[in-house]
Amino acid sequence: MDLYIYYRVPAGKSAQLEQQAIALQARLSQQYQVATELKRRPQDKDGLHTWMEVYLDTPDGFESVLEAAVTSSGLPALIDGPRHTEYFLDFSPCA
């Protein structure tokens, strides 16, 4: 299952969020062999940037691991409001 997680961050905290999210994803990618992506909308809205973390082909139980890792990373202190998670199944043909 693929996870797409989006949230808003005050524009002034985006550089710090970027550094911390990249470090978080690098650790999770190495430990769980999960492909990751970090994205941000190009424009801000009302002084907030929208960020998205992507985790592809996650193993069973990964959501709990991710939640614990996010909490310990300090990311919640940089985020304005909740993190929203969307779940998708991949039906792309294998090469």
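Me: What radius of gyration does the protein chain have, beside that of a compact globule with 95 residues?
Reply: This is a predicted model, and the value given here is computed from it. A compact globule of 95 residues would have a radius of gyration near 12 Å, and the value of the protein chain agrees with that. The C-alpha atoms fill a box of roughly 40 × 25 × 20 Å along the principal axes. The radius of gyration of the protein chain is 14 Å.

Me: Which pattern does the protein chain follow when it is read along the sequence?
Reply: The protein chain has 2 helices and 4 strands. Strand 1 covers residues 2-10 and strand 4 covers residues 80-88, while helix 1 spans residues 14-32 and helix 2 spans residues 62-73. Strand 2 (35-40) and strand 3 (48-56) have a loop between them. Read along the sequence, the pattern is β-α-β-β-α-β.

Me: Among contacts between residues at least 6 apart in sequence, what share joins residues at least 24 apart?
Reply: A contact here means heavy atoms within 4.5 Å, and the share is taken among contacts in the protein chain between residues at least 6 apart in sequence. Of these contacts, the share that joins residues at least 24 apart is 73%.

Me: How are the rings of Tyr4 and Phe88 arranged, stacked or edge-to-face?
Reply: The structure holds 3 aromatic pairs. In the pair of Tyr4 and Phe88, the ring centres are 5.3 Å apart and the planes stand at 85 degrees. Because planes over 60 degrees apart count as edge-to-face, the arrangement of Tyr4 and Phe88 is edge-to-face.

Me: How many residues apart are Tyr4 and Phe88, the pair that links distant parts of the chain?
Reply: Tyr4 belongs to strand 1, whereas Phe88 belongs to strand 4. Tyr4 is partly exposed at a relative accessible area of 24%, and Phe88 also counts as partly exposed, at 45%.

Me: Is Phe62 buried or exposed?
Reply: The rings of Tyr32 and Phe62 have centres 5.9 Å apart and planes at 75 degrees, so this pair is edge-to-face. It links helix 1, where Tyr32 lies, with helix 2, where Phe62 lies, 30 residues apart. Tyr32 is partly exposed at 32%, but Phe62 has a relative accessibility of 2%. Since buried means under 20%, Phe62 counts as buried.

Me: Which residues do ring pairs link into a cluster?
Reply: The rings of Tyr32 and Phe62 form an edge-to-face pair. Ring pairs also bring Tyr55 into the cluster, whose members are Tyr32, Tyr55 and Phe62.

Me: Where does Asp46 lie, and what is its relative accessible area?
Reply: Asp46 has a phi near 55 degrees, which is a positive value in a residue other than glycine. Its place is in the loop between strand 2 and strand 3. Because exposed means over 50%, Asp46 counts as exposed, with a relative accessible area of 73%.

Me: What is the phi of Asp57 near, in degrees?
Reply: Asp57 lies in the loop between strand 3 and helix 2, and at 61% relative accessibility it counts as exposed. Its phi has a positive value, in a residue other than glycine, and is near 50 degrees.

Conventions: Residues numbered from 1 in each chain as written. Predicted model: local features only at pLDDT ≥ 70, side-chain atom pairs only at ≥ 80, totals over all residues. Heavy atoms only, no water. Phe/Tyr/Trp six-rings, centres within 6.5 Å; stacked < 30°, edge-to-face > 60°. Buried < 20%, exposed > 50% of the residue type's maximum accessible area, 1.4 Å probe, protein only. Rg over C-alpha atoms; globule rule 2.2 N^0.38 Å.
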